[in-house]
Amino acid sequence: MGRNRLLSACQETDKVLNFENFILEFDMKSHNICVVGTGYVGLVTGTCLAEIGHRVVCVDSNKSKIRYLNAGKCPIYEPGLPELLKKNRKAGRIAFVDSIKDGIQHKGRRAQVVFIAVGTPPRPDGSADLSAIEAVAADVAKRMTDYTIFVDKSTVPVETGEWVKKTIERINKRGVPYDIASNPEFLAEGSAVKDFMNPDRVVLGVSSKRAEKVLREIYAPLKGPILATDVKSAELIKHASNSFLATKISFINAVSRLCEKVGADVTDVAKGMGLDKRIGPSFLRPGIGFGGFCFPKDLEAFYWICNKKGYDFKLLQEVQAINKDQKQWALEQVSELLWNLGGKKIALWGLAFKPNTDDMRFAPSLDIVEGLKEHKVKIAAHDPVSMDNAKKVLKGLTFAKDPYAAAKGADCLILVTEWPQYKDLDLEKVRKSMRTPVFLDGRNLYDPAKMRKLGFDYRSVGRP
Ligand code: UGA
């Protein structure tokens with residue numbers, strides 16, 4: 001009965017932050033968990049596991065990050081996360097340490113489950129760098145004293161679990177029992193807490209019934225179906241899912257190009273397609289390309305592992321090529337609209353790879369700025385939250401204090417990231433302040449008819 005109450009509570013997504021009340025009434029088994037890596041995935045996973053009642057110790061070798069977390073601060077911009085962190089620290093369910101030794105043995109409690117959520121950055125050849133995964137597996141294997149489950153949370157190529165197993169075997173001379181598992185994370189930045197608490201599915205790639213039982217217990221408080229499978233299939237589910245979502249985006253972006261050529265409206269085309277339940281409406285928003293630290297690198301890594309295994313998954317290369325083209329398309333539009341670019345001022349609204357995040361990794365804005373700089377234009381940019389991060393990676397442009405200041409005196413304004421607050425601006429004031437009112441809406445945020453009525457020379461993606 002307790003579980004049913006909990007599940008219906010979770011159905012109301014806004015009640016995520018009141019989870020604790022329901023846990024207390026729910027006869028769940030609380031586990032001691034160690035989460036290694038406090039990036040987006042690790043920190044959100046650790047915090048949410050604590051929120052659903054487990055005792056979590058998060059580990060990161062970055063000592064200053066651990067000090068920051070122990071001071072009660074949240075190192076990433078993620079809606080809802082600071083509140084959950086604060087609440088679970090106060091409740092004593094989450095702690096932060098800088099070594100695996102302290103993570104798996106904390107205050108007399110041993111973590112039976114270790115989630116590995118360290119970075120798997122791309123190497124120059126497109127493959128994922130798995131050295132951090134190996135190092136964590138080795139460190140834990142060296143220290144484990146009793147049955148331990150090594151759960152991979154990071155996005156990894158298929159057969160990583162096999163390598164983790166080999167690594168443990170080499171070290172585990174005393175024969176301490178263990179299992180390996182794959183539990184890919186599907187949360188998206190900007191809605192990570194909500195995604196974790198309300199999963200479409202929880203995938204458990206397991207190598208034994210024992211591990212499956214423990215992992216099922218850990219996730220029992222969450223609604224959403226649990227799919228238990230083997231480790232390799234779970235690893236593939238993650239890469240295949242991200243690649244498929246990226247394919248949907250590139251597909252609609254390609255369709256948007258045809259729409260432009262024939263005068264059709266891609267919004268209606270996407271809507272018409274999405275009404276078919278087999279296709280679905282999500283990830284059919286056209287724009288100036290996808291970015292972030294997941295799709296671009298996961299497509300590369302998936303292509304690489306497919307090739308390594310003897311299958312040339314050409315479709316994935318085309319998905320990337322279309323994505324690259326979209327950014328080029330934006331630059332071409334600016335040239336077409338302004339003729340000569342040299343000495344002109346371009347304003348950019350939005351720099352983060354998508355709204356509700358301060359993440360600049362693989363953001364389309366990076367390519368747009370690089371492309372514009374080749375034409376020796378002056379660039380003024382604004383973003384509501386990613387400006388500090390943007391300043392570290394973007395040089396040679398002005399960062400404006402607000403969107404109006406960015407637009408002032410501009411010859412062209414490009415909407416790069418569709419922050420909702422840009423929708424409510426005084427666009428009349430913006431147009432009047434520009435030198436020439438040319439507007440390239442890279443995310444189809446505005447209504448073309450209204451923008452033209454306001455006096456903008458307005459262009460968007462795949463719409464007449
Ligand atoms: C993505 C997946 O959505 C998550 O399920 C996954 O867990 C995560 O990667 C990961 O592997 O860690 P994320 O990269 O945070 O999440 O962001 P998305 O919301 O998927 O957006 C990715 C990019 O696609 C953004 O640049 C966004 O602007 C773009 N996008 C998205 C479009 O251009 N059109 C769309 O219709 C949707």
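**The domain interface and the ligand**

Reply: E159 and K309 form a salt bridge, with 2.9 Å between their closest N and O atoms; the term stands for a side-chain nitrogen of Lys or Arg within 4 Å of a carboxyl oxygen of Asp or Glu. By that rule, 2 salt bridges cross the interface of domain 1 and domain 2. On the side of domain 1 that touches domain 2, the residues are 9 nonpolar, 5 polar and 3 charged; here Ala, Val, Leu, Ile, Met, Phe, Trp, Tyr, Cys and Pro count as nonpolar, Asp, Glu, Lys and Arg as charged, and the others, Gly among them, as polar.

The model is predicted: local features need pLDDT of at least 70 and side-chain atom pairs pLDDT 80 or more, while totals for chains, interfaces and linings use all residues. Residues are numbered from 1 along each chain as its sequence is written, and side-chain values use heavy atoms, without hydrogens and water.

Domain 1 covers 31-233 and domain 2 covers 244-460, bounds that come from an automatic or database domain assignment. Their C-alpha centres are 34 Å apart. Contact (heavy atoms within 4.5 Å) joins 17 residues of domain 1 to 17 residues of domain 2.

Around the ligand there are 19 residues, the closest being F186, L187, E189, K238 and N242; to count, a residue needs a heavy atom within 4 Å of the ligand. K238 has a polar side-chain atom 2.7 Å from an oxygen atom of the ligand. For L284, a backbone N or O atom is 3.4 Å from a ligand oxygen atom.

Methods. Polar contact = N/O pair within 3.5 Å; in protein donor to acceptor, adjacent residues only side chain to side chain.
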